[in-house]
Amino acid sequence: MAILDIFNAVLAFDEETVKAKTQAELDGGTDIGTILNDGLISAMDEVGERFSAGELFVPEMLMAAQAMKAGLKILKPHLSAGQSKSKGVVVIGTVKGDLHDIGKNLVSMMMEGAGFEVVDLGVDVDSEKFVKTAAEKSADVIALSALLTTTMPSMESTVKAVKEAGMATRTIIGGAPVTQAFADQIGADGYSADAPGAVKLVKQIIS
Ligand code: B1M
């Protein structure tokens, strides 16, 4: 029932309750994946549906996102606990023109949790910045996130720029509108629908 309280608190933009209930679930031993998926992520899916239906508008989406981030912040140390030596370097960011960062942050946290060194470039990142940083950091993987159909072409230009630079760095992509077919079409090295899948993918690529 308390998971439902987290879900409802995100929908009520009630950051304090999200924090308190998330902490209470953690303290009570609830599985982190359950808190994440059934509480926080499913609430954002509901927000998206209400936005599509014209029942919510951008300011409300933003407030819900803030509330969700407050919960994520509490989960973060537990997602990345117990790791020491880096297993490889991942440069991650949301592509040019796109300001959505919650899913990207989740992928980033789970990669850190799995022991990778993660260089998070934030949002609205252009191809040059991805290529330059990956070269500087000798990155194994560049991980691109996009939430808008209109910014998916930025993924294509980044994948192309990486290939043109002749780098060994591999590219993976993800985000709500992205598919395996799109990854194949633009020549990305991998696609995942969610954060745990992205971690598995990077492990496969680096091994
Ligand atoms: Co925006 N927005 N938004 N928004 N927003 C969506 C994406 C939308 C689907 C809502 C809708 O219409 N139903 C829609 C996109 C339609 C489309 O193009 N297909 C949309 C729109 C239209 C817009 C604006 C254009 C609205 C406007 O201004 N008119 C605008 C664009 C701004 C811009 O980017 N230039 C906009 C703005 C915003 C806010 C700023 C208000 C806010 C973002 C706040 C923030 O991120 N800091 C926001 C939000 C919150 C959403 C919704 C409601 C929630 C997104 C989210 O955080 N989900 C979203 C509706 C929805 O997706 N349900 C919507 C939770 C998150 C955990 O999931 O990011 O999908 P997600 O990540 C998942 C997977 O996709 C995957 O892993 C995660 C789960 O494990 N994943 C990867 C993500 N990246 C990955 C990378 C990988 C692998 C997996 O490998 C590299």
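## Getting to know this model

Let's start with one side chain: Lys-19 is partly exposed, with a relative accessible area of 30%. Here buried means under 20% relative accessible area, exposed means over 50%, and partly exposed is in between (1.4 Å probe, protein chains only). Keep in mind that this is a predicted model, where local features need pLDDT of at least 70, side-chain atom pairs count only at pLDDT 80 or more, and totals for chains, interfaces and linings use all residues. Residues are numbered from 1 along each chain as its sequence is written, and side-chain values use heavy atoms, with hydrogens and water left out.

**Salt bridges**

- There are nine salt bridges in the count, each a side-chain nitrogen of Lys or Arg within 4 Å of a carboxyl oxygen of Asp or Glu.
- Lys-19 pairs up with Glu-16 in one of them, at 3.5 Å from N to O. Both sit in helix α2, three residues apart, so about one helical turn separates them. Helices (H or I, at least four residues) and strands (E, at least two) are DSSP runs, numbered from the N terminus.
- Glu-16 counts as exposed, at 54% relative accessibility.
- Lys-132 and Glu-136 also form a salt bridge, at 3.2 Å from N to O. They are four residues apart in helix α6, so again about one helical turn lies between them, and both Lys-132 and Glu-136 are exposed.
- Asp-120 and Lys-104 make another, with their closest N and O atoms 3.0 Å apart. This pair ties together distant parts of the chain, as Asp-120 is in strand β2 (residues 117-120) and Lys-104 is in helix α5, 16 residues apart.
- Lys-104 is buried, at 4% relative accessible area, while Asp-120 is partly exposed, at 34%.

**Nonpolar cores**

- The largest nonpolar core has 42 residues, and Leu-40, Met-44, Met-111, Phe-116 and Ile-172 touch the most other members. Such a core is a set of buried Ala, Val, Leu, Ile, Met, Phe, Trp, Tyr and Cys residues joined through side-chain atoms within 4.5 Å.
- Elements giving two or more residues to this core include α1 (2-11), α3 (32-52) and α9 (195-206). The largest share, eight residues, comes from α4.
- Apart from this core lies another one of 24 residues, among them Val-89, Leu-121, Val-125 and Met-152.
- Ile-172 has contacts (heavy atoms within 4.5 Å) that include Met-111, Val-141, Leu-144 and Val-202, leaving out residues up to four places away in sequence.

**Helix α7**

- With 13 residues (152-164) at 1.5 Å a residue, α7 should span 18 Å, and its end C-alpha atoms are 19 Å apart, which agrees. The expected span is 1.5 Å times one less than the number of residues.
- Its buried residues include Met-152, Met-155, Val-159 and Val-162. Among the elements covering the buried residues of α7 are α6 (127-137) and β4 (170-174).
- Just after α7, Gly-166 takes a positive phi of about 65 degrees.

**Cobalt**

- His-100 (NE2) is the only protein donor of the ligand's cobalt atom, at 2.2 Å. Donors are N, O and S atoms within 2.8 Å of the metal (3.2 Å for Na, K and Ca), and sites may look incomplete because water is not among the atoms.
- You'll find His-100 in the loop between β1 (89-94) and α5 (102-113).

**Asp-38**

- Asp-38 belongs to helix α3 and is partly exposed, at 44% relative accessible area.
- Leaving aside neighbours within four places in sequence, Asp-38 is in contact with Ile-3, Phe-7 and Gly-33.
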